[in-house]
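Here is a short briefing for a first look at this structure.

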Amino acid sequence: MPGIGKPVTGITPHPNAKASEESFQKILDQKALKFSAHALQRLTQRNIKLDDAEISKLNEAVDKASQRGARESLILMKDMALVVSIKNRTVITAVDGSAMKDNVFTNIDSAVIVPD
């Protein structure tokens with residue numbers, strides 16, 4: 001068959017192709033949830049592990065808070081609480097169930113309760 005296994009010639013990428021790739025990556029980066037150094041430290045200290053399903057639920061909670069205009073949210077999920085900067089999509093701190101007792105969360109403007 002003619003053309004099979006031969007390199008394609010005569011095709012030049014669109015001049016804006018690189019810019020489109022960068023813009024798409026920027027959009028993906030904006031949707032990605034990040035963890036501050038402090039949050040990572042708390043997760044490790046408190047032996048809190050988030051699986052892919054929990055990360056997905058956390059992302060959905062951040063999306064919901066963002067749609068409502070929240071800036072800093074307390075997200076309650078299973079036996080943990082996470083304080084998240086909604087604008088930056090960054091988890092600021094994490095608290096497990098035992099540390100939540102008698103704890104006061106300040107500088108938040110909303111709360112999202114994630115069902116199991």
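**Briefing: fold and two residues**

The protein chain holds 4 helices and 5 strands. Helices (H or I, at least four residues) and strands (E, at least two) are DSSP runs, numbered from the N terminus. The model is predicted: local features need pLDDT of at least 70, side-chain atom pairs count only at pLDDT 80 or more, and totals for chains, interfaces and linings use all residues. Residues are numbered from 1 along each chain as its sequence is written, and side-chain values use heavy atoms, with hydrogens and water left out.

**Chain as a whole**

- Along the sequence, the pattern is α-β-α-α-β-β-β-α-β.
- The protein chain has 116 residues, and 28% of them count as buried. Buried means under 20% relative accessible area, exposed over 50%, and partly exposed in between (1.4 Å probe, protein chains only).
- Take the contacts between residues at least 6 apart in sequence: 56% of them join residues at least 24 apart. A contact means heavy atoms within 4.5 Å.
- The accessible surface is about 8400 Å², and carbon and sulfur atoms account for 54% of that surface. These areas come from the Shrake-Rupley method with a 1.4 Å probe; for residues, only the protein chains shown count as cover.

- The 5 strands form an open sheet with mixed pairing, in the order 1-4-3-2-5. Strand 1 (34-35) and strand 5 (110-114) are at the edges with a single partner strand each, so one side of each has no neighbour in the sheet.
- Two strands pair if DSSP finds at least two bridges between them. Strand 2 (residues 72-77) pairs with strand 5 in the parallel sense, over 5 bridges.

**Helices on the sheet**

- Helix 2 (residues 37-45) lies across strand 1 and strand 4 (90-96), at about 25° to strand 4.
- Helix 3 (residues 52-67) lies across strand 1, strand 2, strand 3 (80-85), strand 4 and strand 5, at about 140° to strand 2.
- Axes are lines fitted to C-alpha atoms, for helices over the stretch in contact; angles run from 0 to 180 degrees between N-to-C directions.

**Ser73**

- Ser73 is in strand 2. Ser73 is buried, at 0% relative accessible area.
- Opposite Ser73 stands Ser110 in strand 5. Their side chains make a polar contact (2.4 Å). That term means a pair of N or O atoms within 3.5 Å; within protein, one must be able to donate a hydrogen and the other to accept it, and residues adjacent in sequence count only if both atoms are side-chain atoms.

**Ser56**

- Ser56 lies in helix 3. Ser56 is partly exposed, at 35% relative accessibility.
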